[in-house]
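I went through fold, core, ligand shell and backbone in turn.

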Amino acid sequence: MAEEKPAAKPVDKSEEKKKKAPPKKIKYAYQEGKGLAPLNLYLHWCKACNICIAFCPQDVFDPDRDGKPIVARPEKCTQCAICWLHCPDFVITSNYK
Ligand code: SF4
Ligand code: SF4
């Protein structure tokens, strides 16, 4: 004997629209003390042109006394790729991409 399935509830689309999705948080690839650092810098190739420091939207880098970048705030890096795509000397690589 086949069981009767309960009738599906009609979906009220106006109610669905009212439920707004919460704003998405930016996912940071690196958390302090967990996993790999976000970036590798091969500073032997760096000519201290300051492009990466100036372009980083998250203010991840600080210059050292020679003007070369230090990853001072790794937890803020979003892996946006701006720094390694603009570095003319291929100093920067990502550990995550
Ligand atoms: S990947 Fe983006 S956020 Fe991370 S250091 Fe480079 S420019 Fe800054
Ligand atoms: S963009 Fe490249 S060469 Fe210029 S300071 Fe940054 S790492 Fe060094």
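The entries below follow that order.

**Conventions.** I worked on a predicted model, in which local features need pLDDT of at least 70 and side-chain atom pairs count only at pLDDT 80 or more, while totals for chains, interfaces and linings use all residues. Residues are numbered from 1 along each chain as its sequence is written, and chains are lettered from A and ligands numbered from 1 in the order in which they are written.

**Fold.** I looked up the secondary structure and found three helices and four strands in the protein chain. I took helices (H or I, at least four residues) and strands (E, at least two) as DSSP runs, numbered from the N terminus. Read from the N terminus, their order is α-β-α-β-β-α-β. For contacts I required C-beta atoms, placed from the backbone, within 7 Å. Of the contacts between residues at least 6 apart in sequence, 57% join residues at least 24 apart.

I counted a residue as buried with 20 or more other C-beta atoms within 10 Å of its own, exposed with 12 or fewer, and partly exposed in between. On that count, 15% of the 97 residues in the protein chain are buried. I then looked for nonpolar cores, meaning buried Ala, Val, Leu, Ile, Met, Phe, Trp, Tyr and Cys residues joined through C-beta atoms within 7 Å. The largest has twelve residues, among them Leu39, Phe61, Cys77 and Ile92.

**Ligand 2.** I listed the residues near ligand 2 (C-beta atom, placed from the backbone, within 6 Å of it). There are 14, and the closest are Cys46, Cys49, Cys52, Cys87 and Val91.

**Loops.** Which residue in the loop between S1 and H2 did I note? I noted Ala48, whose phi is near 55°, a positive value. Ala48 is partly exposed, because 13 other C-beta atoms lie within 10 Å. In the loop between S3 (69-71) and H3 (82-86) I noted Ala81, with phi near 85°. Ala81 is exposed, with 11 other C-beta atoms within 10 Å. Most residues other than glycine have a negative phi. Pro74 is also in the loop between S3 and H3, and its C-alpha atom is 7.0 Å from that of Ala37.

Definitions and conventions:
Contact = placed C-beta atoms within 7 Å.
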